Amino acid sequence: MFKSNQLVMVVSSIFFSTFYNDLFWKKVSVVYPFGSENIWYFISLFIVLSSVIYIVLNLINFKYLLKPVLIILFMITATTSYFMDSYGVVIDDKMINNLFETQVAEAKDLLSWKLFLDLFLFGILPSLVVYFSKIEYKNFGKHILHKFLGLFVAIIIIVANLFAFSRFYTSFFREHKPLRYYTNPTYYIYSFGKFIHNKYQNRDIVVQKTGLDAKLIEGKKPKLLVLVVGESARADHFSLNGYKRDTDLYLKKDNIVNFDNMYSCGTETATSVPCMFSILDRSNFSIRKGLEHENLLDVSKRAGVRIKWIDNNSDSKGVATRIKDVVNIRAKKIENFCDSGECRDEAMLVGLQKYIDSNTTDTIIVLHQMGNHGPAYYKRYPKRFEKFKPVCKSNQLQECSKESIINAYDNAILYTSYFLHKTIGLLKANESKYDTALLYLSDHGESLGEKGIYLHAMPYFIAPVAQRHIGSIAWLGEKFDHIDKSCVKSRASAEHSQDNYFSTVLGLMGIETEVYDKKKDMFAKCRTK
């Protein structure tokens with residue numbers, strides 16, 4: 001066992017660089033192919049990364065602090081390394097935010113024997129070595145002297161490497177900045193600090209009123225609009241968008257409008273959903289700014305619209321905070337649709353007709369899907385929708401064939417098409433009392449193993465298009481809001497994004513307000529009145 005605190009930190013730094021950064025080294029080797037020409041770059045980068053980690057450890061190099069913090073780092077880094085290697089994800093502040101907002105049922109889908117094996121080998125075992133090491137600390141003066149001497153040497157090593165390989169590091173830092181997002185544990189430590197900073201900033205937020213002048217334009221009949229917020233549905237797996245498989249089988253029975261060029265505001269639910277309902281555009285949206293402004297539902301409520309939010313996902317991400325009628329379907333455990341903490345999206349339709357009949361006023365119903373939430377895609381649909389086989393029935397996607405992963409994902413898309421068709425059927429049944437419409441928009445897309453990347457939540461500017469290009473459709477009842485459907489279809493392939501959502505929904509509901517932007521309303525140019 002180790003007695004010197006300096007030796008513990010040096011060995012730990014080398015251990016971190018060697019065993020917890022597989023994805024980082026793979027990403028680097030793609031940009032700088034490993035070989036005789038680049039081998040010195042790899043050696044230099046290894047030394048620099050180990051030195052940076054050493055500096056981080058030296059900052060907490062105090063008696064009674066070093067051992068517990070180091071043990072925590074081994075356990076956390078073993079876990080983050082597993083998820084990064086398995087799914088190709090980046091552990092940034094948004095991913096950490098997702099972690100804290102993940103429910104137990106969703107977390108279970110990520111557990112596996114390999115995770116526990118990695119945690120034992122690279123978390124528990126090195127932690128035991130640290131725990132049983134009898135580290136000897138010198139008196140305070142010598143300890144501080146050695147501490148600063150160690151920091152000085154580490155900085156000299158880093159600077160010497162930067163100068164010796166200046167051309168390489170200029171390229172590395174300027175042209176390949178995203179590579180640093182894959183370093184462990186340095187980047188997730190930075191990201192956690194950023195997460196805490198953002199949480200601290202988000203305290204005591206004063207919500208700014210939005211659309212104080214909002215009022216409804218009354219029609220012959222009240223309007224009933226269903227907003228379906230999808231989950232992880234990438235556009236290129238909808239047959240409506242030219243996908244080779246018939247994943248939209250049920251929607252072909254409905255006269256829908258398909259928006260085949262729709263893009264998300266973010267790559268994870270915690271950003272995309274509040275951004276979608278916000279008056280702010282993606283370019284100036286942040287979670288804090290979103291919390292500081294009333295959203296689409298607040299403006300609609302102020303105009304006199306009855307609103308109901310039904311959730312089969314984690315929650316509304318703050319969108320429905322000021323809405324009284326919020327229902328979590330999982331808590332209800334509806335028979336035939338819910339089992340083992342999992343509910344099919346159809347459960348959100350149970351009892352909905354009774355609610356529609358209870359008060360014939362202008363109404364918005366939001367249905368927040370579980371949709372294609374990964375990695376356990378096979379859990380998201382009833383067995384009868386398992387059309388594409390074989391299916392990956394594991395959360396270890398890297399252990400499944402690409403075909404079986406896509407099959408499970410496509411079955412979930414097929415079920416979404418059925419769910420939307422069934423919801424449209426409910427709206428059709430109420431056309432005698434309401435002018436009805438449906439707008440479906442996924443929160444973000446999903447990676448299915450392309451370039452070793454799975455799931456979503458990559459930083460937006462480096463995220464693959466599969467995580468940003470999303471499925472979106474609309475269904476409009478007969479004579480709804482005097483909208484020419486043929487006109488809408490002719491314009492449906494124009495590029496749209498979730499920035500259009502706020503004004504489009506206001507326009508559909510006939511809400512007049514100064515915050516409505518006609519240029520962003522996807523239906524504005526197709527109204528006949």
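**Note on the predicted model: disulfides, a nonpolar patch and selected residues**

1. The structure holds four disulfides, a disulfide being a pair of cysteine sulfur atoms within 2.5 Å. The model is predicted: local features need pLDDT of at least 70, side-chain atom pairs count only at pLDDT 80 or more, and totals for chains, interfaces and linings use all residues. Residues are numbered from 1 along each chain as its sequence is written, and side-chain values use heavy atoms, with hydrogens and water left out.

2. Pairing. With the bonded cysteines of the protein numbered in sequence order, the pattern reads 1-2, 3-4, 5-6, 7-8.

3. C338 and C343. These two cysteines are joined by a disulfide with an S to S distance of 2.0 Å. The link of C338 and C343 is right-handed, with 110 degrees about the S-S bond. C338 is buried at a relative accessible area of 17%, and C343 is buried at 5%. Here buried means under 20% relative accessible area, exposed over 50%, and partly exposed in between (1.4 Å probe, protein chains only).

4. C392 and C400. The disulfide between C392 and C400 has an S to S distance of 2.1 Å. The torsion about its S-S bond is about 65 degrees, so the disulfide of C392 and C400 is right-handed. Both C392 and C400 are buried.

5. C487 and C526. A disulfide joins C487 to C526, with 2.1 Å from S to S. The link of C487 and C526 is left-handed, at -70 degrees about the S-S bond. This pair links distant parts of the chain, 39 residues apart: C487 is in helix α17 (residues 485–491), and C526 is in the segment after β16 (511–512). Helices (H or I, at least four residues) and strands (E, at least two) are DSSP runs, numbered from the N terminus. Both C487 and C526 are buried.

6. Nonpolar surface patch. Which residues form the nonpolar patch on the surface? They are F34, I39, W40, I43, I47, L149, F152, V153, I156 and I157, with about 940 Å² of accessible area together. Patches are made of residues with over 30% relative accessible area and no salt bridge; like charges are joined within 9 Å, and nonpolar side chains (Val, Leu, Ile, Met, Phe, Trp, Tyr) within 5 Å. A salt bridge is a side-chain nitrogen of Lys or Arg within 4 Å of a carboxyl oxygen of Asp or Glu. Accessible areas come from the Shrake-Rupley method with a 1.4 Å probe, and for residues only the protein chains shown count as cover.

7. Helices behind the patch. Helices α3 (39–59) and α8 (140–164) each supply at least two residues of the nonpolar patch. The largest share, five residues, comes from α8. F152 has its place in α8 and is exposed, with a relative accessible area of 54%.

8. S314. This serine sits in the loop between β5 (306–311) and β6 (326–328). S314 counts as buried at 5% relative accessibility. Its side chain makes a polar contact with the side chain of K317 (2.9 Å) and another with the side chain of N313 (3.4 Å). A polar contact is a pair of N or O atoms within 3.5 Å; within protein, one must be able to donate a hydrogen and the other to accept it, and residues adjacent in sequence count only if both atoms are side-chain atoms. Neighbours within four places in sequence aside, S314 is in contact (heavy atoms within 4.5 Å) with E101, Q103, E106 and N328.

9. R344. The loop between β8 (342–343) and α15 (352–358) holds R344. Is R344 buried or exposed? R344 is buried, with a relative accessible area of 15%. A polar atom of the R344 side chain lies 3.0 Å from the backbone oxygen of K379. Leaving aside neighbours within four places in sequence, the contacts of R344 are N312, F337, D339, K379, R380, Y381, P382 and Y415.

10. L367. Strand β9 (residues 363–368) contains L367, which is buried at a relative accessible area of 0%. The C-alpha atoms of L367 and D311 are separated by 6.1 Å, although the two residues are 56 residues apart along the chain. Beyond its neighbours within four places in sequence, L367 is in contact with residues including V226, L227, V228, V229, I310 and F419.

11. Helix α11. Helix α11 (residues 269–276) is mostly covered, with eight of its eight residues buried. These buried residues are T269, A270, T271, S272, V273, P274, C275 and M276.
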